[in-house]
Amino acid sequence: MRLVFAGTPDFARAALERLHAAGFAIPLVLTQPDRPAGRGLKLQPSPVKQFAQQHGIPVAQPRSLRLDGRYPEDAARARQALQAADADVMVVAAYGLILPQWVLDAPRLGCLNIHASLLPRWRGAAPIHRAIEAGDAETGVTIMQMDAGLDTGDMLLAGRIAVAPQDSTGTLHDRLAALGAGLIVEALELAGRGGLVRTPQPAAGASYARKIDKAEAQVDWSQPAVAIERRLRAFDPFPGATSALAGESVKLWRAQAADRPLPAGIVPGTVVAVAPAGIEVATGEGLLRLTELQRAGGKRLPAADFLRGTPVAPGQRFGTA
């Protein structure tokens, strides 16, 4: 079976690696244009492009696939490349571009998407972040037949995993990437035997995982401690949760909801207790013990190490400059 692969970040690279190892013919890879990164802001190829180049797979990087859009010349070149690839199917994983109808219709078996949620829950751009933030006990990966809607196509295969109490987006991402890589190989093997079964998504339980906005990183101390703790894990490693302390922005990476009651009359964001085990802060409901923090320009540190360089005292308040 010949396939075109469309993807950009590490989540997609895991699938491309598995497909390549499984022996599928991959005459073309589509990925996002190189982006500036690092201190020097030098153009960096995506993880998918790096793998493709290492294995001699042709790469196309259109800025758009819309023939009537802002970059019609890019779309026209991409169409020529897709036609030349003569693929049976396109596999899509975190590509980052909307596929117009002409792309969806191009391969004989259409386009299959590796989506990091149990559809119809968490359609959209940030399913891993939103699952942790919402406190979901489990999530997974759905292999979906793509249509013109936003993650609304028929389901083909799905796999489930538990969300551990300590999971961050980073740790959960890696397990889901491995799960998705295995599922897409299984799906294509089934497709080759005519054994894929399409199941329409149910209307009940649909939700949207909106893209992460950097403005969301600011901690709202009026929320319950358990909700803030989940957001810290959901925003690790990006964009990180932040709060001001003594006029300086501090990133908060790890925390625990403290098991002792919140003293009466304490304003949310107020430091209640300081110890090497963590900094206890009042929230809208309960105490939150901060266990891993980072000053601007510094490293992520356990609370005990952070306190050696940044004195914190009860009565100070997070969230105020």
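## Basis of the model

Because the model is predicted, local features need pLDDT of at least 70 and side-chain atom pairs count only at pLDDT 80 or more, while totals for chains, interfaces and linings use all residues. Residues are numbered from 1 along each chain as its sequence is written, and side-chain values use heavy atoms, with hydrogens and water left out.

## Overall build

The protein chain contains eight helices and 17 strands. Here, helices (H or I, at least four residues) and strands (E, at least two) are DSSP runs, numbered from the N terminus. Along the principal axes, the C-alpha atoms fill a box of roughly 65 × 45 × 35 Å.

Of the 321 residues in the chain, 49% are buried. Buried means under 20% relative accessible area, exposed means over 50%, and partly exposed lies in between (1.4 Å probe, protein chains only).

## The nonpolar cores

In soluble globular proteins, nonpolar side chains tend to be buried together. A nonpolar core is a set of buried Ala, Val, Leu, Ile, Met, Phe, Trp, Tyr and Cys residues joined through side-chain atoms within 4.5 Å. The largest such core has 42 residues, and those touching the most other members are L3, F5, L19, I114, I143, I184 and L188. Helix α6 supplies the largest share of this core, 10 residues. Another core, of 22 residues, lies apart from it and includes A78, A87, M146 and M155.

Leaving aside neighbours within four places in sequence, the contacts of F5 (heavy atoms within 4.5 Å) include A12, L16, L19, V48 and V91.

## Pocket and cavity

On a 1 Å grid over the protein atoms alone, a cavity is a set of points where a 1.4 Å probe fits but cannot get out, and a pocket is an open set with protein on both sides within 12 Å along at least five of seven lines; lining residues have an atom within 4 Å of a point. Grid points are joined across faces, edges and corners, and a volume is the space filled by probe spheres set on the points.

The largest pocket holds about 1,600 Å³ of space. It is lined by 48 residues, of which P9, A94, Y95, G96 and A125 are the closest to its centre. Elements giving two or more residues to this lining include α1 (10-21), β6 (89-93) and α6 (169-192).

The structure has one cavity of 30 Å³ or more. Its lining consists of Q218, V219, D220, Q223, I228, R231 and L232.

## Backbone features

Most residues other than glycine have a negative phi, and most peptide bonds are trans. L119 and P120 are joined by a cis peptide bond with omega of about 15°, and P120 belongs to the loop between β7 and β8 (123-124). The bond from F238 to P239 is also cis, with omega near 0°; P239 sits in the loop between α7 (225-234) and β12 (241-245).

Two residues other than glycine have a positive phi: D151, at about 55°, and A246, near 55°. D151 lies in the loop between β9 (138-145) and β10 (155-162) and is buried, because its relative accessible area is 13%. A246 lies in the loop between β12 and β13 (248-257) and is exposed, because its relative accessible area is 64%.
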